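Subject: A structure to look over

Hi,

I am passing on the structure we talked about, with some notes on what turned up in it. Please have a look at it first and then read on.

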Amino acid sequence: MFKAQKHSISRKLTWMNMLVSGAALLLACAAFIAFDMITFRQAMLRNLSTQAQIIGSNSISALLFNDPQSAENTLLALKAAPNILSAQVYLTDGRPFASYSRDRDRHRTVLPPIPSRQTETHWVEDDQIALVRLIVLDGKPIGAVYIRSDLQELRGRLQRYAIIAAIVLSACLLAALLISSIFRRAVAEPIVNLSKIAKVVSRDKNYSVRATSIRSPAELAILIDAFNEMLTQIQQSEKALRKAHDELEQRVQERTAELEAAKKEVEEFSHSILLAKEEVERGSRFKDQFLSTMSHELRTPLNAVLGFSDLLADERYGPLNDRQQRYVAHIHTGGKHLLKLISDILDLSKIEAGRMELAREDVTVASAFSEVISALYPLAEKKSQALLQQVEPNLQVHADAMRFKQVLMNLAGNAIKFTPESGRIELLAHQVDDQVRVEVRDNGPGIPAEQQQRIFEAFFRLTETGSATEGTGLGLAITSRLVELHGSKLGIESRPSEGACFYFSLPLIASTPNQTIQTSTPVPRARNAPRILIIEDNAATGQLIQSQLASSGYETLRCDKPERARDMAAELQPDAVTLDLLMQPVHGLEVLLQLKNDPRTSKIPVIVVTIVDQPGVGTALGADEYLIKPVDKATLLAAVERCLRSRGGAAPARTILVVEDDVSTLEMIVELLKGYGYAVSTAADGEQARVSVAQSLPELVILDLVLPKMSGFELLAEWRSNPRTADLSVFVLTSKDLTKEEDKYLRAHAESLFRKQNAWREPLIKQLERVVTSPSLENA
Amino acid sequence: MHRPNETFGRQPNVQRHLCARARRGFLQFLTFIIALVFFTATGLLAQQAKPSEYQVKAAYLYNFGRFIKWPAGIAASKGDSFPVCVLGRDPFGPILDSTLAGEALEGKPVVIRRIAKEQDAADCRILFVSSTEENHLKEILAAIDQAGVLTVSDIPGFSRRGGMIQFVVEGDRIRFEINLATAESAKLVLSSELLKVAAAVRRNTRSGD
């Protein structure tokens, strides 16, 4: 390829030279020859004409004196001109007078006409040229001369010229070849050289080679110099690049070394941090353990104090005199206060330490309100206060249900505490934009503005109330912190003597209006509270029934759309249903029929609550109870309990197994249960409990979690995994501070959870009454 | 001569050929016509009058004048005409007149004189001596000796006997003999052309004597 390139440019140059010179020469020769031919031909013609003229004038006398011989003699002179083929002298009448022929072959020619006023004409035919000239004497033609010549000479001349031209041409081309070789050296060689260098550069990336400089031609010299200059620049920049590259590499190495050193440092540092973290975690674990131990160790003896003082106060073991009764009451109150104080301090320190974990779930505000109201109802009743709730239906918030209720309880409890008798306490919840605003409002003395700022501080007390013994002074602080943990802020609006309003907002959980009362996550069937569905299209009546039932510890759900009652009942599987009759658009009796005809809902007891006095119709259609409005609370509760009991069935009474390692607490629980007429067996540790359950299945187990040999969790897990004991009712009663996971686990696997730090006795008994067929009734 | 290219394309070759042929044919035709006219004219002329002996001789008389130069003095002395004389009985008759009528030699009109005495002959340029004068040829020639007169005759032996040009008949052709010495002595210069066509040229003065 390289060779071909070299050949290409050299050959092209040579060819160019040859072609140009050859073409020029050829053209010149052709022009010259053409010109010469024309000139020669004219000369020849002129010659011929002259000869004719001479012959003519020399033939005048011959013609005049009719002497052809003389004329022929004259013509014979043409022998000297070998180109003359033949010649004739004609008379004016066209007869030939004398003739001459070079080759003796006389071809007679008819004389061509001579145009008038001309004495001569000529023509060319068959490679010959012929000429006729009149012989004129005294202006009169006396004859004509005809001469015919061949063009041999012309052709010969042309041949000679051709030969000469060929020789000249080849000589010139040879010269051009020689010259072009010089040119090649001057032009092609540097270019070929340059291309060779370029090839080397591009192939080997060798920028140190240089093309040989030349002087001329100027353009080529510039090209080569520029090429060399370019190479120099490339070389320099490459050198610079390489240098930069080397430097960079070195720098990278240095940086790598630095980085490695830094990394080592960081590793050492992180190791030390890890050690420190472990230290901190150890400390934190120790603190947790301390808190846990504290809560357990402090509460256990206090529970004994409270329980036994309670038992004493009941005068179960003989009457007490007034003084004794007063003292026992003091012991009980002091113990309760101490328990509350301990719980609050532990809560607060837990919050402050950031170890309070929220078990968030979707909480229906209305049901939380109901629970709080039912819990606080007795307190409010004692002071003849109205405890009311006003809640927009289907409001749900994402919160820790227990802590949410604790907040409401604290606020409402405070309100009851500080509001004078016959006051009014309201729990309100309504939607503001995408938030649920929860308010606890009272019409008490209010809080002075200057104290509103300090009210959430720990151990702050309102000075004016004077009821120093009530409350720990930690309630509001804890409440405020709990609200903050939920991402909100507890606010207060108050004017002296106009009451106070505590409020906070939590984000609303979107729910469709149709799912009126339905909880979004179906609560697992933890049988801690019987669920009652209230089918009632009148909001006021519904609310009344709801609060009556909720205050007695029932979980209440309301359905204000009778057309959806059957579906809701099928879905929620309530333990009982209260049903109004006069409803729109579907009559209650129709709903009753639907419920009783649907296999999913036919077993659910239905309590008709109506103003329609037709008990016969109701019971005929399958109603279990038929109450006529107005219904007082006691009648309602009695009817509900009857229904629930009939549902539970009349199973033979079995024992309640109490598993508790603390002897005094065990004794107290046993005494309590026996006081309500339950048959009780006991187990002092986990192993005993296991054996006991294995021997005979108890009606229910009241289980402590912290036990020797086998913990409550282990027992529960074992029971739940065994089909025989899978449905065994277990009430957990503990003073342990539960973690989120433990709490979750217990909610899933135990029926109820009672905390010893709270008031647990009454709720426990109430729950027992619901779950266990009360032997006391049968015994009574 | 080429036509412009565009007409080439439009004109079919056949037509071009026809045109060229027609043109060539026309030229040939024209040539033929002209040649015909030329030759018939001359042919007719030739047929019309097959020249008689004396017609030819009359023309020769005139033609001799063309090839001979007279000395300037003699030419001037002989007046403004160019007299051609016939001495003795005229054998030409009207032919001579018709042949020479309107002709001129040396720029002078040719006049014909018929003379009877040799004395009258001195003024002539060309003198034809009739055969009737054969007997006193000597006197005649002597009379015009040095007078610059070209003597012509068809008397046999005329050139030998001191005459300058003598007609002779060779077959059907009429030719002439020249006595150059006599002519030169009379100071007449004869063109070589004339000598070239002469049947014989005598260079001695009196070769026959």
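A word on terms before the sheet: two strands are said to pair if DSSP finds at least two bridges between them. Strand 18 (residues 656–659) and strand 20 (residues 700–703) of chain A meet this with four bridges, in the parallel sense. In that pairing, I656(A) stands opposite L700(A) of strand 20. Please keep in mind throughout that the model is predicted.

These two strands belong to an open sheet of five, in the order 19-18-20-21-22 of chain A, with parallel pairing. At its edges are strand 19 (680–683) and strand 22 (752–755), each pairing on one side only. Direction ignored, neighbouring strands are turned against each other by 20 degrees on average. Helix 15 (residues 663–675) of chain A packs on this sheet, where it touches strands 18, 19 and 20. The direction of helix 15 makes about 170 degrees with that of strand 19.

Now to a hairpin elsewhere in chain A. Strand 11 (residues 491–495) and strand 12 (residues 499–507) run antiparallel and are joined by five bridges. R495(A) stands opposite G499(A) of strand 12. Three residues lie between the strands, and S497(A) takes a positive phi near 65 degrees in this hairpin.

There is also a helix pair to look at. Helix 6 (residues 365–382) and helix 7 (residues 401–418) of chain A pack at an angle of about 35 degrees, their axes 10 Å apart. The crossing of the two is right-handed. On the helix 6 side the contact residues include V372(A), A375(A), L376(A) and L379(A), and on the helix 7 side they include F404(A), L408(A), A412(A) and I416(A). By class, this contact has twelve nonpolar, one polar and two charged residues.

Helix 7 of chain A has 18 residues and reaches 26 Å from its first C-alpha to its last, close to the 26 Å expected at 1.5 Å a residue. Its buried residues include F404(A), L408(A), A412(A) and I416(A), which are also among those in the contact with helix 6.

Finally, the overall picture. Chain A has 20 helices and 22 strands, and buried residues make up 32% of its 780 residues. Of the contacts in chain A with a separation of 6 or more, 66% are between residues 24 or more positions apart.

Best wishes

Technical notes. Residues numbered from 1 in each chain as written. Chains lettered and ligands numbered in written order. Predicted model: local features only at pLDDT ≥ 70, side-chain atom pairs only at ≥ 80, totals over all residues. Axes fitted to C-alpha atoms, helices over the stretch in contact; angles between N-to-C directions. Left-handed = near helix turned anticlockwise from the far one by under 90°. Contact = placed C-beta atoms within 7 Å. Nonpolar A, V, L, I, M, F, W, Y, C, P; charged D, E, K, R; others polar. Expected span 1.5 Å × (residues − 1). Buried ≥ 20, exposed ≤ 12 C-beta atoms within 10 Å, placed from the backbone.
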